[in-house]
Amino acid sequence: MTNDWLDELLRELSVEAPPADLVIRVRHRLAKARRRARWVSRASSLGATGLATAAAAILMQPLRTVPSGPLLGDLGRILTAVAAAPGTVLMELPLQVHGWAQTLESGMLLTWVSLALPAAAALAYLLRVDVTEDGAAL
Amino acid sequence: MKLAEPDDRELVLGSRSGDEAAFDRLVERHTGNLYRVARRLMADSQEAEEIVQEAWLRAWRGLSSYRVTAPFFPWLAGIATNAARDQWRRRRPVDFSDLGPEEFPSSEATGVPELQMERGEVIQRLGVAVARLRPEQRAVIALRYEAELTYQEIAIALSIPINSVRTHLHRAKLALRRGLEEQ
């Protein structure tokens, strides 16, 4: 008898067969986990939507009193200016945005940021490309 | 006309795209083998079932980390072994890379054991001896002989160097031979 003998015996060594309903039980547990994951996902989406709506509602009220800024001004006038002198408009844009932001109350600025961050995250999520580890896009 | 059965890679890619049936098909395909590995690792069938269920849950959650170019079962077996290790940790710490105290094989131990028993009895005693092995040695035995993984696949599954796999296996066999001779 050699090591091969032990190898042979170890291969022959059998454990009892899996319970007949094990696959079904695994599937049930997975189904439960999937349901929970879906519920959490929906709850998160609802929560985010609720927050965004609340933030928008808060924002809309004082926005009426805010002087028109580069984002709220006459779009046609802005487009004309961009077409005429794009370089100048581009140079002035940061100053205009800065001036407009200064007219906002700090709470409102916070509201804008709280709206912009989830929007940017959602955009990034929509634009993402899943890539497998062997380099293939899914 | 019967459609060709999708391979593991196709099923994994399908699962990642949200096809739940594809993952269920993987469960159907590999649960038997996974149970055999888990049963070798754990003391009783109930614990083994728990490990199988936990391994599938972890696999589902971590499917994005699986490299589709690698075979699926070694990855899954590695998850099951880690789940078993978590169970063992509750009793005592287990480190697969810990090779334990050095055991120098004696010439007697590497020689041919003279066992005067029936084959059935030898197998029965071998089962008892395997159950008494250190957890990390039992893990290597389970992956090698139940899951039929290569040394390289075992090394990946347990996240240890291939030489540690060889050492665990060598020492496990020594312990088994001694166990058989002593019984």
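Colleague: Why is Arg58(B) called partly exposed?
Modeller: Its relative accessible area is 27%. Buried would need under 20% and exposed over 50%, so Arg58(B) at 27% is partly exposed. Bear in mind that this is a predicted model.

Colleague: What makes the pair Arg58(B) and Glu54(B) a salt bridge?
Modeller: The closest N and O atoms are 2.9 Å apart, and the cut-off is within 4 Å, so Arg58(B) and Glu54(B) qualify. Both sit in helix α3 of chain B, four residues apart, or about one turn of the helix. Elsewhere, salt bridges with shared partners join Arg27(A), Glu5(B), Asp8(B), Arg25(B), Glu28(B) and Arg29(B) into one network.

Colleague: How do you know that Arg25(B) and Glu28(B) form a salt bridge?
Modeller: Their closest N and O atoms are 3.8 Å apart; the limit is 4 Å, so the pair counts. They are three residues apart in helix α2 (residues 20-41) of chain B. Arg25(B) is partly exposed at 25% relative accessibility, and Glu28(B) is partly exposed at 43%.

Colleague: Which chains does the salt bridge between Glu50(B) and Arg29(A) involve?
Modeller: That one has its N and O 3.3 Å apart, and it crosses between chains, from helix α3 (residues 45-61) of chain B to helix α2 of chain A. Over all chains, the structure holds 18 salt bridges.

Colleague: What about Arg138(B): does it count as buried or exposed, and which side chain of opposite charge is nearest?
Modeller: Arg138(B) is buried, and the nearest side chain of opposite charge is Glu47(B), 7.4 Å away. A salt bridge needs 4 Å or less, so Arg138(B) has none. Its side chain does reach the backbone oxygen of Ala131(B) at 3.4 Å.

Colleague: What makes the Arg134(B) and Glu136(B) side chains a polar contact?
Modeller: They come to 2.4 Å, and the cut-off is 3.5 Å, so the pair passes. Arg134(B) lies in the loop between α6 (119-131) and α7 (135-146) of chain B.

Colleague: Which residues touch the most other members of the largest nonpolar core?
Modeller: Leu10(A), Trp56(B), Phe72(B), Leu126(B) and Ile141(B), out of 65 residues. Helix α4 (residues 72-89) of chain B gives the largest share, ten residues. Leu126(B) is in contact with residues including Leu6(A), Leu10(A) and Leu176(B).

Colleague: Where does pLDDT stay under 50 in chain A?
Modeller: Over residues 129-138. Where pLDDT is low, the predicted coordinates should not be read in detail. Chain A averages 73, with its highest confidence in helix α2 (residues 22-63), at a mean of 84.

Methods
Residues are numbered from 1 along each chain as its sequence is written. Chains are lettered from A and ligands numbered from 1 in the order in which they are written. This is a predicted model: local features need pLDDT of at least 70, side-chain atom pairs count only at pLDDT 80 or more; totals for chains, interfaces and linings use all residues. Side-chain values use heavy atoms; hydrogens and water are left out. Helices (H or I, at least four residues) and strands (E, at least two) are DSSP runs, numbered from the N terminus. A polar contact is a pair of N or O atoms within 3.5 Å; within protein, one must be able to donate a hydrogen and the other to accept it, and residues adjacent in sequence count only if both atoms are side-chain atoms. Buried means under 20% relative accessible area, exposed over 50%, partly exposed in between (1.4 Å probe, protein chains only). Lys and Arg count as positive and Asp and Glu as negative; His and the chain ends are not counted. pLDDT is the predictor's confidence in each residue, from 0 to 100. Contact means heavy atoms within 4.5 Å. A nonpolar core is a set of buried Ala, Val, Leu, Ile, Met, Phe, Trp, Tyr and Cys residues joined through side-chain atoms within 4.5 Å. Lists of a residue's contacts leave out its neighbours within four places in sequence.
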